[in-house]
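Please keep the sequence and the structure in view while reading.

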Amino acid sequence: MDTLRIGLVGYGRFGKIHADAIAKLADVKVTGICVGSAESAAEVKKQLDVLVYSTYDDFLSQGSFDVIDIVSPNYVHASQAIRAMENGKDVILEKPIAI
């Protein structure tokens with residue numbers, strides 16, 4: 001089986017939980033994380049060996065993901081999920097789906 005590549009959007013409290021859970025799965029790997037701040041980017045770079053994206057546009061256009069796991073603030077869930085699906089990606093969406 002090929003490795004399932006996950007793109008993670010958000011690296012706050014729940015993003016870290018998702019990253020930890022994914023790391024425990026066989027044949028599944030986080031291959032990139034989209035963050036909203038320089039502080040989050042620095043934290044990802046210290047803790048994980050993955051590509052870090054500072055904009056969602058770069059994440060979608062440059063990342064190579066099979067599934068996008070959205071764990072960003074819920075007010076952007078809908079727009080991010082729609083754009084990911086428009087780009088042919090399967091989506092895992094942290095609840096609430098949107099406000």
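What covers the buried residues of H1? In this predicted model, the cover of those residues includes S1, S2 and S4.

Five strands form an open sheet, in the order S3-S2-S1-S4-S5, and their pairing is parallel. Strand S3 (51-53) and S5 are the edge strands, each pairing on one side only. From one strand to the next, the twist averages 30°. Helix H1 packs on this sheet, where it touches S1, strand S2 (28-34) and S4, and its direction makes about 170° with that of S1.

Strand S1 (residues 4-9) pairs with S4 in the parallel sense over 4 bridges, and in S4 the residue Ile-70 is the bridge partner of Val-9. S4 also pairs in the parallel sense with strand S5 (residues 90-93), again over 4 bridges. Here Ile-70 stands opposite Leu-93 in S5. In a regular strand, side chains alternate between the two faces of the sheet. Both faces of S4 are covered: Val-67 and Asp-69 are buried on one side, and Ile-68 and Ile-70 are buried on the other.

The discussion now returns to helix H1 (residues 13-23). Its buried residues include Gly-15, His-18, Ala-19 and Ile-22. These residues lie on the same side of H1 because they cover an arc of only 100° around the axis.

Is His-18 buried or exposed? His-18 counts as buried because its relative accessibility is 17%, which is under the 20% limit for that class. Leaving aside residues up to four places away in sequence, His-18 touches Leu-8, Asp-69, Val-71 and Glu-94. With Asp-69, the side chain of His-18 makes a polar contact of 2.7 Å. Asp-69 is itself one of the buried residues of S4.

In H4, His-77, Gln-80, Ala-81 and Ala-84 are buried. Why do they lie on the same side of H4? The reason is that they cover an arc of only 95° around the axis. What covers the buried residues of H4 includes S1, helix H3 (56-62), S4 and S5. Just after H4, Gly-88 takes a positive phi of about 80°.

The last stop is Pro-96, which lies in the segment after S5. Pro-96 is partly exposed because its relative accessible area is 39%. Not counting residues up to four places away in sequence, Pro-96 touches Asn-74 and His-77. Although Pro-96 and His-77 are 19 residues apart along the chain, their C-alpha atoms are separated by 8.2 Å.

Notes: Residues are numbered from 1 along each chain as its sequence is written. This is a predicted model: local features need pLDDT of at least 70, side-chain atom pairs count only at pLDDT 80 or more; totals for chains, interfaces and linings use all residues. Side-chain values use heavy atoms; hydrogens and water are left out. Buried means under 20% relative accessible area, exposed over 50%, partly exposed in between (1.4 Å probe, protein chains only). Helices (H or I, at least four residues) and strands (E, at least two) are DSSP runs, numbered from the N terminus. Two strands pair if DSSP finds at least two bridges between them. A polar contact is a pair of N or O atoms within 3.5 Å; within protein, one must be able to donate a hydrogen and the other to accept it, and residues adjacent in sequence count only if both atoms are side-chain atoms. Contact means heavy atoms within 4.5 Å. Axes are lines fitted to C-alpha atoms, for helices over the stretch in contact, and angles run from 0 to 180 degrees between N-to-C directions. The arc is that of the directions from the helix axis to the C-beta atoms.
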